[in-house]
Amino acid sequence: MALLFDQPASESDPRYDALRLALVSGVGPRIRQVLLERFGTPSAVFDAAPSELRDTPGVGPKLTRAIVTARAELDVNGLLQLCREHGIDALTESDSAYPRVLKEIPDPPGVLFVQGSILPQDGLSVAIVGSRHATHYGITMAERLAASVARSGLTIISGLARGVDAAAHRGALNAGGRTLAMLGSGLLNIYPPEHVELANAVAQQGALISESSPRSAPLKGTFPQRNRIISGMSLGVIVVEASVGSGALITARHAMEQNRDVFAVPGRVDSRMSHGCHRLIRDGAKLIESADDVLEELGPLVEATTSAAGQAIHHPAELLLNPQEQAVLGAIDTIPKSIDSVIVSSGLTTPQVLATLSVLEMRRLIKRISGNQVVRP
């Protein structure tokens, strides 16, 4: 990924104020949204009168002073120079590389610091999260699921934490797939420290991502906050082992609020580490045992996403299709089409097409409009 701030820009560049607002101490995701809803843009926030800022819900005298003095006191150019020295990109919402799916959540990050690369195919991502104190079963299932899902063509997202997170990243890496790590600390302050080598591998085969400035310490409050990014970047969240008080359940809650799918891996009924997953399943999360369960349950995409092979994907289940199934699906559009036309367009025989249509219909990739017409949902 080419650095978007690879050369010093003019202070009038609106991205400077977008970055500056994200760095003001006390401006978290919720306050940022309140400010933008009232003033419209980051630049307008800094141009606002102190009295206007104080009248904004959640903005007190201390935060008002921090915003008013931010342009003079925050060294944005110095921060960007630090990013350039360490190959870190700084993405604001106006940048084309900023993930589209994150713009859909109620409180998107004002800036994303990225070390590595975010690719179009990462629009097909699934998060795997769980306990930091996972059992052997939890570690094994996380690695196995991550490897299988990654081989299917999806990117694995997790939080680089001990236990299930680390197992998910390693499973994706070992399978030769892509993986993204969302950090609760700065990219130059890896936590936990024993995961520095793992973080380097993730950056080579995906990306490290944080909304905290590069040297930020791993503060307790930033980890629940980053969980909304894990779920927000994903089509769905898989929870592997979680006690009732686990942070993984916070990620699952964010996923539900963001209209993402939630999946849970069942465990032993007498294991405390399974209680969170079993509660999720009781409350409507989908029980899964394999990557196929995940891909078949994920719904249609809002807009087509490019896979690693360069094909346009409208539904994650398309990644499971063999060449014959791909040929038949490729001959079907969002406008009803006769089966005879599908046979001609696909170049396959009538028995092949008829058998394949049944498979595609079962996987909810097509619908029969009438006895002789099919369409993509």
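The model is predicted, so local features need pLDDT of at least 70 and side-chain atom pairs pLDDT 80 or more, while totals for chains, interfaces and linings use all residues. Residues are numbered from 1 along each chain as its sequence is written, and side-chain values use heavy atoms, leaving out hydrogens and water.

Visitor: How much space lies in the largest pocket?
Guide: A pocket here is an open set of points on a 1 Å grid over the protein atoms alone, where a 1.4 Å probe fits, with protein on both sides within 12 Å along at least five of seven lines. Points are joined across faces, edges and corners, and the volume is the space filled by probe spheres set on them. For the largest pocket that comes to about 590 Å³.

Visitor: Which residues are closest to the centre of the largest pocket?
Guide: Lining residues have an atom within 4 Å of a point. The largest pocket has 30 of them, and the closest to its centre are Arg132, Ala161, Phe223, Arg226 and Gly247.

Visitor: Which element gives the largest share of that lining?
Guide: Helices (DSSP H or I, at least four residues) and strands (E, at least two) are numbered from the N terminus. β3 (125–130), α11 (222–232) and α12 (247–257) each give two or more residues. The largest share, five residues, comes from α11.

Visitor: And which element gives the most to the lining of the second largest pocket?
Guide: This pocket, of about 390 Å³, is lined by 21 residues. At least two each come from α1 (14–23), α2 (29–39) and α11. With three residues, the most comes from α11.
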